[in-house]
Each structure stands twice: as structure tokens, then as C-alpha cells.
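Here are my comments on the model you sent. Please read them with the structure open.

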Amino acid sequence: MAPPLRSITTAALRQARAGKPTSTSTLKSAIPTSKTFAARPFTTTSAAAAATQSPPAKILLEDRDSGFGFVQHNPSASKPRDRAVTEIRGPYYTVMGPRYLSDLLETMGAHVDGLKFAGGSFSLFPEDALRQLIDLAHAHGAYVSTGGWIEHVLASSGGDAGGAVDKYLARCKGLGFDVVELSAGFLSLPPGDWLRLAERVREAGLRPKPELGIQFGAGGDTSAAELRSMGTSDPSKVVNMAKRFIKEVGVERVMIESEGITENVEAWRTDVIQAILRELPMEKVMFEAADPSVFNWYIREFGVDVNLFVDHSQIVQLAGLRAGIWGKSDTFGKITTFRP
């Protein structure tokens, strides 16, 4: 019987994990903080693991000698980067196995910064299969994030929420996750508790990624009519909470939930997006935009540096839009940069 599919890189990464971990490079926060934190860039887990990676192949659009570098385009920064970050959704609406993910990253890996397992999808995998996907992402310089499953952990923990959270974080760390998403779309969680949860993630050696939004009940399969009946909160609540996460906990980046803003709404709440970016540096924010019309609007309005979360099936379209080599009627030939 043939052995399970495993690349040489995957085996090397396993060996690296068994060694003594080393610290990653630091990144200064753009917002002054009352404490000093070592920034935790959303990238691979350790320098030892990074050492096993092969240098990324130059894409043809960036190759002036034998590719298409002579064609006008917007050059992209190398990874890890804090702007123009693209996180893709992994298995959720469709299955994703090592063969598919390998194809995706071997061809489009230069444009993928992070891989997210939405919800608790990762808990449905056999451990060996899950580790293969995590190792593949790391081999291509992408961080790996949980979805907002911690809501379920909190809601079902009985009388020992602290113990359940600690076990959850330890297991995520052991499996190789880098980032833990902290959602509260279905929970009423006091701000101080949310901040303590982010601190708990940091103490576990992981990076917290709070997901904020104006729509209660967001992030699941709730109908648009039900969401409308619940109403939305004021954008200032999102802004204030994001500032606290950044200043008090040293969070590198917050995710903005699309429901109530560009998803399941009769008209897009662009005023909410403008209010967020008026108060927060762009590199501290990522917007959920898993719809071509939505990410086309974000790039048109804020340029190529806006951080976006999209579905894995949309990575080629978004990468082309950022590069300025195609787009919709309102963006084709109009997305540009000035970086001499």
C-alpha cells in the first residue's frame, strides 16, 4: 500500500517543529501603546521552519528578463507583509485536501498570506490530514488561522470556561495553528472579557485575531430577514473595541465581519467602512470581502494596500486586480501605484 501523500518539505517542517523554537521578527505597532509588546507578524511559526522553505519562484509578471515584467503592473511586496495582505478561506463551503491546496499554493502562493479554517471545520478532519494542510501553508510562507469556533467553546464549556479555553488553545498550538480568531457574533461578551481572552491567546503562544462587526448573529447561516430584525450596532463600538485590542493587548490586526456592512444588506454600509478607516491605520484592519463585487470596491476605494479576506476560489481574480492587470468596468486599467 502506498504511503500517505507527504512532500519532503512537510517532513522537514515536522523535524523543525521538534527542535527548539526561535523567535520571529518583530513589527512595531502603528498606534502608541501603554505597554511594550513584541509584535507577532502573521507568518510561519518559527525561523527553523522557515529555513526549510525553498525560495519562492518569481512570478512571470515580475520577471523582466524572461517573463512579462515589461507589461505595466503594480509590483507586490514580498512576504511577510503588513499591507495588501490576503487571507483565504479554506475548507468550509467546499472540501479542501492536500492535492488541491498544493496546486493552489504552488501556482498562487506568492499572493496568499494566510489560510483560515472557517468555523470549527478543522475539527472534522483526521489529525494527519489536517496537519498536512497546515504544513503545506507554512511551507509556502502563509500563516494558518482558526475560524471563530471559540464562541462554541465558550458557550458549551459549562462551569469551567477557563479550562475549556486553555485546552482549546493548547490543542490549536499543538496542531500548528499560528492565529486564533476571536469572534463574538453570536455572544454577548463584555469588552473586558474579550480583551482577557485575547491575552489568554497570547499567553498560549498564539496570535489573537479579533473579529468585529456591527451585526449580531453574523458569521453563521442566519437568514437576511432574521439579521435585519436584530438590528445593528453603532460603528463607534467597532472602532473603540479595535483600538482597545491594539493598544491594550498589542493585537496586530482585527478582522471586520462583512454581514451588516456588505453582506445580507439592502444597501452597503460604506459609512461604517469609512468610519473604521478614519480612526484606524489600514495595516491594522482586514475586511471580509468574499464577493468579487465587494473586493473590487475595496481596491477601487482604498487602493491595493487594503487587507482582504476572500474565498480560496477568488485568489486569482483578486491578485490580478491588485496587480492592475484586469478588473471590472470601473477598475480595469485604473488601479495603480507610485513606488519609484
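This is a predicted model: local features need pLDDT of at least 70, side-chain atom pairs count only at pLDDT 80 or more; totals for chains, interfaces and linings use all residues.

The points below go from the whole chain to single side-chain pairs.

1. The chain holds twelve helices and eight strands. Of its 340 residues, 49% are buried.

2. **Contacts and surface.** Take the contacts between residues at least 6 apart in sequence: 74% of them join residues at least 24 apart. The accessible surface of the chain is about 16300 Å². Carbon and sulfur atoms account for 55% of that surface.

3. **A nonpolar patch.** Which residues form a nonpolar patch on the surface? They are L60, F68, F70 and V71, with about 410 Å² of accessible area together. F68 sits in the loop between α2 (47-51) and β1 (86-89). Its relative accessibility is 46%, so F68 counts as partly exposed, the class between 20% and 50%.

4. The structure has 18 salt bridges. In one of them, K209 meets E87 at 2.7 Å, N to O. This pair links distant parts of the chain: K209 belongs to strand β5 (residues 207-212) and E87 to strand β1, 122 residues apart. Are the two partners buried or exposed? Both K209 and E87 are buried.

5. **Partly exposed salt bridges.** R269 pairs with D271, and their closest N and O atoms are 2.9 Å apart. R269 has a relative accessible area of 25%, so it is partly exposed. D271 is partly exposed too, at 41%. A further bridge joins D330 and R300 at 2.8 Å, N to O. D330 lies in the segment after α12 (315-323) and R300 in helix α11 (residues 292-302), so this bridge ties together parts that are 30 residues apart in sequence. D330 is partly exposed at 27% relative accessibility. R300 is partly exposed as well, at 38%.

6. **Aromatic pairs: F122 and W149.** A pair of aromatic rings is described by the distance of the centres and the angle of the planes. There are 13 aromatic pairs in the model. Why is the pair of F122 and W149 edge-to-face? The planes stand at 90 degrees, and the class needs over 60; the ring centres are 5.7 Å apart. F122 is in the loop between β2 (114-117) and α4 (127-139), and W149 in the loop between β3 (143-146) and α5 (150-155), 27 residues apart. F122 is buried, with a relative accessible area of 6%. W149 is partly exposed, at 26%.

7. **Aromatic pairs: W194 and F245.** The rings of W194 and F245 have centres 5.5 Å apart and planes at 90 degrees, so this pair is also edge-to-face. The pair joins two helices: W194 is in α7 (residues 191-203) and F245 in α9 (residues 235-249), 51 residues apart. W194 counts as buried at 11% relative accessibility. F245 is buried at 0%.

8. **An aromatic cluster.** Which residues form one aromatic cluster? They are F117, F122, F125, W149, Y168 and F177. The cluster thus takes in F122 and W149, the edge-to-face pair of point 7.

Technical notes:
Residues are numbered from 1 along each chain as its sequence is written. Side-chain values use heavy atoms; hydrogens and water are left out. Helices (H or I, at least four residues) and strands (E, at least two) are DSSP runs, numbered from the N terminus. Buried means under 20% relative accessible area, exposed over 50%, partly exposed in between (1.4 Å probe, protein chains only). Contact means heavy atoms within 4.5 Å. Accessible areas come from the Shrake-Rupley method with a 1.4 Å probe; for residues, only the protein chains shown count as cover. Patches are made of residues with over 30% relative accessible area and no salt bridge: like charges are joined within 9 Å, nonpolar side chains (Val, Leu, Ile, Met, Phe, Trp, Tyr) within 5 Å. A salt bridge is a side-chain nitrogen of Lys or Arg within 4 Å of a carboxyl oxygen of Asp or Glu. Rings of Phe, Tyr and Trp (its six-membered ring) pair if their centres lie within 6.5 Å; planes under 30 degrees apart count as stacked, over 60 as edge-to-face and the rest as tilted.
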